[in-house]
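Subject: Structure handover, with notes on salt bridges and domains

Hello,

Here is the structure I promised to pass on. Please have it open while you read the notes below it.

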Amino acid sequence: GVNLGLNGNNLPSAKEIVALYEKYKIGSLRIFDPNHELLEALRGSSLVLAIGTRDEDVPNISQDIDAANAWVKTNIVPYIYKRRQYRDNVLASSFPPSAGAFSADTASVIKEIVAILLQHGSPININTYPYYAYASDPQHISLDYALFKSESPVVTDGSFQYYNLFDAELDAYHAAFEKIGVSNITLTVTETGWPTAGNEPYTTIQNAADYNKNLIAYVKSGKGTPRRPGQGLNVFIFETFNENLKAPGIENNFGVFYPNKDPVYPLF
């Protein structure tokens, strides 16, 4: 799938956006808040939808069950019949992958959240960006490793060998969950991508195209990570459009489409 941000004043209408996803056979989209205009446009569509919650709504719905039920009744029930619970989490350490761990002050909370998710058969959401790791340390992280292009193992971690940074980042999460006694939670990657501009020479259209094309091939292969071989994965690419109301730089250059709906590069 592909994330859909709407921080732009030149973006297509909700109906045009749904038609764009259908034209390019993008099966899933993720929105960051319950945009009712888009939800209306999705009626009758076969697209799979993931909905986020506004940051300012989190304290209220996390502490008041009536507020949470009201949020679902207003934003979910009128449009969608099946729903899952999702959370985002961060790691305190991630290299090598086997050292992945949650910080001491968050591990207990994460364990409680995971227990609820497992009861409902729901995955847990993570955001992972090999771009940021590579761009922050290009002297020690190769571009091929970040772009799924390495033909030989780059990192050996015990019995596991890593050909790409994406696998290593996912397995750092798997290792972190194992350290809190959880080995059967499924990950959904709700954000990953590569910017086309804003931090040259690391941000180029070619690098972004290579990353996302190779990512799609990786997901379709179903091979899984070294720690979870053969385990399929749901992934949302960040993001649909370049959004002109974001601060200039890399954040407004992750789009795979321009606001006029032309592809930034061939992908789908």
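This is a predicted model: local features need pLDDT of at least 70, side-chain atom pairs count only at pLDDT 80 or more; totals for chains, interfaces and linings use all residues.

Residues are numbered from 1 along each chain as its sequence is written, and side-chain values use heavy atoms, with hydrogens and water left out.

**Salt bridges**

Side chains of opposite charge can pair when their charged atoms come close. Counting a salt bridge as a side-chain nitrogen of Lys or Arg within 4 Å of a carboxyl oxygen of Asp or Glu, the model has 9 salt bridges.

One of them joins Glu16 to Lys261, with 3.2 Å from N to O. This pair links distant parts of the chain, 245 residues apart: Glu16 is in helix 1 (residues 14-23), and Lys261 is in the segment after strand 10 (234-237). Helices (H or I, at least four residues) and strands (E, at least two) are DSSP runs, numbered from the N terminus. Glu16 is partly exposed at 35% relative accessibility, and Lys261 is partly exposed at 29%. For these labels, buried means under 20% relative accessible area, exposed over 50%, and partly exposed in between (1.4 Å probe, protein chains only).

Another salt bridge pairs Glu191 with Arg30, whose closest N and O atoms are 3.2 Å apart. Here strand 7 (residues 187-192), which holds Glu191, is linked to strand 2 (residues 28-31), which holds Arg30, across 161 residues of chain. Glu191 is buried at 12%, and Arg30 is buried at 8%.

Lys246 and Glu239 also meet in a salt bridge, at 3.4 Å from N to O. Lys246 is buried at 17% relative accessibility, and Glu239 is buried at 0%. Both belong to a network of salt bridges that also takes in Glu243 and Glu251.

**Domains**

Domain 1 covers 1-86 + 238-267 and domain 2 covers 87-196, with bounds from an automatic or database domain assignment. Their C-alpha centres lie 24 Å apart. In contact (heavy atoms within 4.5 Å) are 13 residues from domain 1 and 20 residues from domain 2.

The area buried between them (accessible area, 1.4 Å probe, lost on being put together and summed over both) is about 1400 Å², and carbon and sulfur atoms give 52% of it. The count between domain 1 and domain 2 is 1 salt bridge.

Happy reading!

Definitions and conventions. Buried area is the accessible area (1.4 Å probe) that two parts lose on being put together, summed over both.
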